[in-house]
Amino acid sequence: MNAQEAEQLREVAGQVHIMEAFMVRFHPQWLRARGLVRSGALGELRTVQVAFSYFNRQSDDIRNRLDVGGGALYDIGCYAIVAGRFLFAAEPLRVVALLDRDPDFQTDRTATAMLDFGAGRRLDFTVSTQSVPYQRVQALGTRSRLELEIPFNAPLGGVTRIFVDDAGTPGGASAMAETLAPCDMYTLQGDAFSRAVRGEIALPLGPDDAICNMRILDALFKSGRSAQWETV
């Protein structure tokens, strides 16, 4: 539940394979989005904006239990953080967050945050466990905008779409859609991990990646208490 606990993974990293299971990083739409960013299709990437929400007030649900890591930041804010790190291919320097807590569960039911990646780059996101179900990722560059339509709960075995818009026509009418072939991102993740275990490929991501993500979450929770910027 924090970076200090995650650090313990290093003790066994040389004995077993360890990788945090962010399945979205294996989905073709995410790989294509990162490829477009790296190709310069958007110009210089300036801002990544994420919205991710659902509604759940079931008292016995783990997502609403403070003692075991319930709340919006732990459950879905981590995906927003991964989106920024994945597209920027960098780590944030400082963060600031505003948390609204459920009066009964005391979990953060809505969290809004800004992550400063330096050089004018930032990730802005709002995640909520008590809002209408919605998700979207926008990446704003100096020339074009990229949008992932269903970034986190992509339909398993279904197609997905990403959009690139140079804003030539107002209202998104100039956006060009690209359809990605059907896939199951959990299968793709499992296959990659299996190949690493068999020694066919290097482990795609290791404990250091998970620890970095937890350090960011720690800083966001600290900012929620201090109401000011916190370094990562």
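## Aromatic pairs and a helix crossing

The model is predicted, so local features need pLDDT of at least 70 and side-chain atom pairs 80 or more, while totals for chains, interfaces and linings use all residues. Residues are numbered from 1 along each chain as its sequence is written, and side-chain values use heavy atoms, without hydrogens and water.

Select Phe 88 and Phe 117. Their ring centres lie 4.8 Å apart with the planes at 40°, so the pair is tilted (stacked is under 30 degrees, edge-to-face over 60, tilted the rest). Phe 88 belongs to helix H3 and Phe 117 to strand E3 (residues 108–118), 29 residues apart; helices (H or I, at least four residues) and strands (E, at least two) are DSSP runs numbered from the N terminus. Phe 88 is buried at 8% relative accessible area, as is Phe 117 at 2% (buried means under 20%, with a 1.4 Å probe and protein chains only).

Next, select Phe 22, Trp 30, Phe 52, Tyr 79, Phe 86 and Phe 152, which form one aromatic cluster.

Then display H3 (residues 72–88) with H5 (residues 207–226): the helices pack at about 115°, their axes 10 Å apart (lines fitted to C-alpha atoms over the stretch in contact, with angles from 0 to 180 degrees between N-to-C directions). Residues in contact (heavy atoms within 4.5 Å) include Leu 73 and Ile 81 in H3, and Leu 217 and Phe 221 in H5.

Finally, select Arg 94, which lies over the face of Trp 229, 4.0 Å from the ring centre (the criterion is CZ of Arg within 6 Å of the centre and within 35 degrees of the ring normal).

Terms used:
Rings of Phe, Tyr and Trp (its six-membered ring) pair if their centres lie within 6.5 Å; planes under 30 degrees apart count as stacked, over 60 as edge-to-face and the rest as tilted. Buried means under 20% relative accessible area, exposed over 50%, partly exposed in between (1.4 Å probe, protein chains only).
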